[in-house]
Amino acid sequence: MKLRIGIPKGSLQDATVALLQQAGLQVYVNSRSYSAATDDREIECMLIRAQEMARYVEHGVLDAGLTGLDWVLESGLEVVTVADLIYAKQSRRKVRWVLAVPQDSPAQCAEDLRGATIATELVNVTAKYFAQRGIDVRVEFSWGATEVKPPTLADAIVEVTETGSSLKANQLRIIDTVLESNTQIIANRTAWATACKRQKIENFSLMLRGAMEAQGRVGLMLNVQVGDLQAVLDVLPALNSPTISTLSDRNWVAVNTIVEESASWEVIPRLKAANAHGIVEYPLNKVVR
């Protein structure tokens, strides 16, 4: 039984395909097709806009898909949240939907925008945000280029940002965060209730989460004399306790651990100074907890 999985088309596409490949699933994308081949005969992929993913998963066209929490909430549809994957177009962190106004606007908070026009792609979430605060505004759907609409076409916007640089470039000032969002694996409720499909979806999730855990980390292995072991262990910032194995020469042990790649620059010289020998740094594809 094949598993049909949706890959977000657009800004998240390249990051998602790269993550899948790191997880061990080779995905072959054709720019002229909405279908993507894989090297797993039991997995079919389709390229679907993130904004539409929840609809096709909920309707059963797809068994599972990757999309943002923002678009799941915006759709209001019922899907199963399988896992959170914290990555975006440019970084490994959540994105924010922010309420922003022109730099010279007198508005300092959401309450100052009573009666205002708000432009956004995230209409339902934005309307709920203001309704929960009892603030009467007009929320208008924006087809894109939302940052350029204030002050002529809108008084304020709700827009997604990773760094805020695009907002600053358009002379906009953030006054509140409406929603924090991240990529999720979502599943169709019927597929999730089907044992064989659920197992495949869980395996798919396991491998992607393992690939996410490995990003930005490297493995270190080294040999050290037993008398110097504690000095070496004091240097290591381990993910968990390092693995220590006795060598054929009982006076020596092998140490294997995982560290942040950014830390290895400082850690390796300190290990050498602590009398570690044969230090090897190696890349990681997956770390499965």
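Select Glu213, Arg217, Glu260 and Arg289: salt bridges link these residues in a network. A salt bridge here is a side-chain nitrogen of Lys or Arg within 4 Å of a carboxyl oxygen of Asp or Glu. The whole structure holds 11 salt bridges.

This is a predicted model: local features need pLDDT of at least 70, side-chain atom pairs count only at pLDDT 80 or more, and totals for chains, interfaces and linings use all residues. Side-chain values use heavy atoms, without hydrogens and water, and residues are numbered from 1 along each chain as its sequence is written.

Next, select Lys2 and Glu44. Their closest N and O atoms are 3.4 Å apart, in a salt bridge. Lys2 sits in the segment before β1 (3-9) and Glu44 in strand β4 (residues 43-49), so the pair ties together parts 42 residues apart in sequence. Helices (H or I, at least four residues) and strands (E, at least two) are DSSP runs, numbered from the N terminus. Lys2 is partly exposed at 44% relative accessibility. Glu44 is partly exposed too, at 35%. The cut-offs: buried is under 20% relative accessible area, exposed over 50%, partly exposed in between (1.4 Å probe, protein chains only).

Move to Glu42 and Lys200. Their side chains form a salt bridge at 3.5 Å, N to O. Glu42 lies in the loop between β3 (35-38) and β4, and Lys200 in helix α7 (residues 195-214), so this pair connects parts 158 residues apart in sequence. Glu42 is partly exposed, with 41% relative accessible area.

Last stop: Arg138 and Glu140. The salt bridge has its closest N and O atoms 3.4 Å apart. Arg138 is exposed at 51% relative accessibility, whereas Glu140 is partly exposed at 31%.
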